[in-house]
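Reader: Let us go through some local features of this model. Please give each term its cut-offs as we reach it.

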Amino acid sequence: MDRKKRECRILRSYLREHVKTVILYGTAVLIMYGLAGLYGYEGAMRNMSYGTVLAVFFGLLFGVWDYFHYRKKCLILQEAVTRTGERTAYLPEAESYIDELYHKIINAVETEERDALSEYDTKKQDMSDYYTMWTHQIKTPIAALRLLLQGEKTQLEELFKIEQYAEMALYYARLDSISSDFLFRTQDIAAILRTAIKKYSILFIGSGLSFRMEEFSAHAVTDEKWLSFVFEQILSNALKYTPEGTIQIYGLDGQGEKTQGEAAYIVIEDDGIGIREEDLPRIFERGFTGHNGRLDRKSTGIGLYLCKQILDRLSHTVRVESSMGEGTKVTIGFGRKDRA
């Protein structure tokens, strides 16, 4: 609201609230004139007129003072509306018993809100702690099963997927407190990516797909653990939605050209089933599975949502290009304007 509109609104509000007082004041003056006329006091009408003029003059002075006092109070209240947190600290001082009651009501509402938020935060933290404990505990039987299933290729692949789902639950539970978990350092991005590829080697071998990673170097200030999770999710999707063909990884320089030197962007590209054009704008929404998700009933729509949230908070960029039947290309940028 601009200043002129705000002043007009305050003035209209003041006049509307005081119109009864003006009418009552005018009625009282008319009654006095009427009584003076009925009793026929000598010079009464002239003397009453002098008194009326003086009363109107001082009434106008009081009205101007009262209006500016009213205006100041309105401006303070408008400022309090824009504040966050405890607004009672920004309220004007109570000048009447009604004002005191309003202050008490606002205090009570803010106290209830703080208590509700505290209770919610406690429950949320309890749930996060439970997910963390559950994920760590389930790793023990998973490790034991891995030992029992040595040599059983298909069973090991499924066990690996169970472990990945458990890790996804852990990262999802930690998402709200992600900033406190960051450890920023200058990292070798290519090395982080190679570690993620090695972790997924069992699925790459079992898929029968052709895989190629071109030589490049890349360094950026980031968090190794959380960025590794992003790479793993993108690799997982590439494997899941590429029944045959090739998955390739390469680096791009700042101009978007392939490079074997220092890369500003890393591309993970596959020849899979691709993504429908109408689904592309929504792939980073929480719970959105799209056409491919309906084909694969196991899809949760959480993986890419987590990737986008993590990359945003790491100040990295991500862009997905895809067409149905022609594969998908995911481009991740590291702290530079995405021109690729």
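Author: Start with accessibility: buried means under 20% relative accessible area, exposed over 50%, and partly exposed in between (1.4 Å probe, protein chains only). This is a predicted model: local features need pLDDT of at least 70, side-chain atom pairs count only at pLDDT 80 or more, and totals for chains, interfaces and linings use all residues. Residues are numbered from 1 along each chain as its sequence is written, and side-chain values use heavy atoms, with hydrogens and water left out.

Reader: Why does Met324 count as partly exposed?

Author: Because its relative accessibility is 40%. Met324 is found in the loop between strand 7 (316–322) and strand 8 (328–334). Helices (H or I, at least four residues) and strands (E, at least two) are DSSP runs, numbered from the N terminus.

Reader: What separates the C-alpha atoms of Met324 and Arg276?

Author: 5.4 Å, with the two residues 48 apart along the chain.

Reader: Which residues of helix 10 are buried?

Author: In helix 10 (residues 303–313), they are Gly303, Tyr305, Leu306, Cys307, Ile310 and Leu311. Just after helix 10, Ser315 has a positive phi of about 65 degrees.

Reader: Which element gives the largest share of the lining of the second largest pocket?

Author: A pocket is an open set of points on a 1 Å grid over the protein atoms alone, where a 1.4 Å probe fits, with protein on both sides within 12 Å along at least five of seven lines; lining residues have an atom within 4 Å of a point. Here, helix 2 gives the largest share, nine residues.
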